[in-house]
Amino acid sequence: MILKTRITQLFGIRHPIIQGGMHFVGFAEMAAAVSNAGGLGIITGLTQRTPERLETEIARCKEMTDKPFGVNLTFLPALSPPDYPGLIEVIVKNGVKVVETAGNNPQEYMPTLKQAGIKVIHKCTAVRHALKAESIGCDAVSVDGFECGGHPGEDDIPNMILLPRAAEELKIPFVASGGMADGRSLVAALALGADGINMGTRFIATQEAPVHQHVKDALVATSELDTRLIMRPLRNTERVLANAAVDRLLAKERELGAKLQFADIAEEVAGVYPRIMQNGEMDAGAWSCGMVAGLIRDIPTCKELIDRIMAQAEVLITQRLRGLLA
Ligand SMILES: Cc1cc2nc3c(=O)[nH]c(=O)nc-3n(C[C@H](O)[C@H](O)[C@H](O)COP(=O)(O)O)c2cc1C
């Protein structure tokens, strides 16, 4: 089944399914596999750290796909911020068509991105942030509900409320992000007003995801009860998979209360991604994971996953929903 939505038209993709930027997951292999399967794959800019390395990664992705793909730029407060202007320069120079921004809004960089004809989709967790993104000229937003893996913000609004609220307020198209796994998610997202879905966690449990097998197996083994929220006291909440490091971190949060500083938990969060994603050391630290882990039972190829989502959505729309009409 082919669905034509404002998102498929905006990005020139076959299916309204995006793979969100993921630290130490969103390498060229991941992005190319999703784009080749008809979705929109996204390389995670900050995993590459420098403009030179990002340029190499973009070139690798182009060797693996001739379909559109994007680059994620996450704007986080940092003592020594990454070279954002340099990263954007290589994105523009190498003809990348889509940028997914996240964290702070990309206002400062919008003129450069728009001038280059790049479509910008901003990921945010609140309607007010989505409206801000619309007002600064973003082409679309990715609305990340409380269920999501990674940073759900501090408002704690699940997608059942957040998506229809976004639909009430926004003029630009948006995709539903957080908790999306299958055809049911896609049809529900469309019903709530979205023009597609963005998936993070579900794409990690695929054949092509360039992460250690232990990570994929962990996603199949865990349930919807196994995520935890960390760094709430720092107002930098992150949804992660429970493990020994997360237990230790949460014990420190309870013990130190309002006195907690980032330095107190650095051991559990700083620089742990390569050890987890590449070495498969599952207790090395905290890593982002959505509640949707409870819906992950296998490790298909990206094409199998996307085809299955579309086939399931078709049955839901044409049989189940249609069949309910009296
Ligand atoms: C392991 C992992 C790493 C992530 N890293 C980033 C990141 O670097 N930048 C970003 O904008 N979002 C990041 N995200 C969030 C995803 O792009 C996406 O918004 C989120 O996973 C959607 O929720 P879901 O996991 O329920 O599908 C990450 C998510 C996961 C699971």
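N243 touches M282, D283, G285 and W287, not counting residues up to four places away in sequence, where contact denotes heavy atoms within 4.5 Å. The residue lies in the loop between β10 (238–241) and α12 (244–256); helices (H or I, at least four residues) and strands (E, at least two) are DSSP runs, numbered from the N terminus. N243 is buried, at a relative accessible area of 10%; buried means under 20% relative accessible area, exposed over 50%, and partly exposed in between (1.4 Å probe, protein chains only). Its side chain reaches the backbone oxygen of G285 at 2.9 Å, and a polar atom of the N243 side chain lies 3.0 Å from the backbone oxygen of M282. Such polar contacts are pairs of N or O atoms within 3.5 Å; within protein, one must be able to donate a hydrogen and the other to accept it, and residues adjacent in sequence count only if both atoms are side-chain atoms.

The structure is a predicted model, in which local features need pLDDT of at least 70 and side-chain atom pairs count only at pLDDT 80 or more, whereas totals for chains, interfaces and linings use all residues. Residues are numbered from 1 along each chain as its sequence is written, and side-chain values use heavy atoms, with hydrogens and water left out.

The ligand is surrounded by 23 residues, of which the closest are G21, K123, G179, G200 and T201; a residue is assigned to this shell if one of its heavy atoms lies within 4 Å of the ligand. From a side chain, an N or O atom of N72 is 3.1 Å from a ligand oxygen. Taken alone, the ligand exposes 610 Å², and 93% of that is buried by the protein; accessible areas come from the Shrake-Rupley method with a 1.4 Å probe, and for residues only the protein chains shown count as cover. Two or more residues of the shell are supplied by each of β3 (69–75), β8 (197–199) and α10 (201–204). By class, the shell comprises seven nonpolar, 14 polar and two charged residues, with Ala, Val, Leu, Ile, Met, Phe, Trp, Tyr, Cys and Pro counted as nonpolar, Asp, Glu, Lys and Arg as charged, and the others, Gly among them, as polar.

The largest nonpolar core holds 81 residues, and I91, V141, F203 and W287 touch the most other members. A nonpolar core is a set of buried Ala, Val, Leu, Ile, Met, Phe, Trp, Tyr and Cys residues joined through side-chain atoms within 4.5 Å. Helix α15 (residues 302–324) makes the greatest contribution to this core, with seven residues. Beyond four places in sequence, the contacts of F203 are I17, I18, Q19, M22, M30, V34, A209, C302, L305 and I306.

Helix α2 (residues 28–36) is largely enclosed by the rest of the structure, because seven of its nine residues are buried. These are A28, M30, A31, A32, A33, V34 and S35, which pack against β1 (17–19), β2 (41–44), α4, β3, α10 and α15. G38 follows α2 with a positive phi, near 100°.

In helix α5 (residues 84–93), the buried residues are Y84, G86, L87, I88, V90 and I91. Their cover includes α3 (45–48), α4 (51–64), β3, β4 (98–103) and α6 (110–115). The N-terminal end of α5 is capped by D83, with a side-chain oxygen 2.9 Å from the backbone nitrogen of G86. Just after the helix, G95 takes a positive phi of about 70°.

The buried residues of helix α9 (residues 183–191) are G183, S185, L186, V187 and A189, and what covers them includes β7 (174–177), β8 and α15. A positive phi, near 115°, is found at G193, which follows α9.

N159 lies in helix α8 (residues 159–169) and counts as buried at 3% relative accessibility. Apart from neighbours within four places in sequence, N159 is in contact with residues including V143, D144, S177 and L192.

R228, in strand β9 (residues 227–230), is partly exposed at 30% relative accessibility. The R228 side chain reaches the backbone oxygen of L225 at 3.0 Å. With neighbours within four places left aside, R228 contacts E238, R239, V240, A242, V246 and L250.
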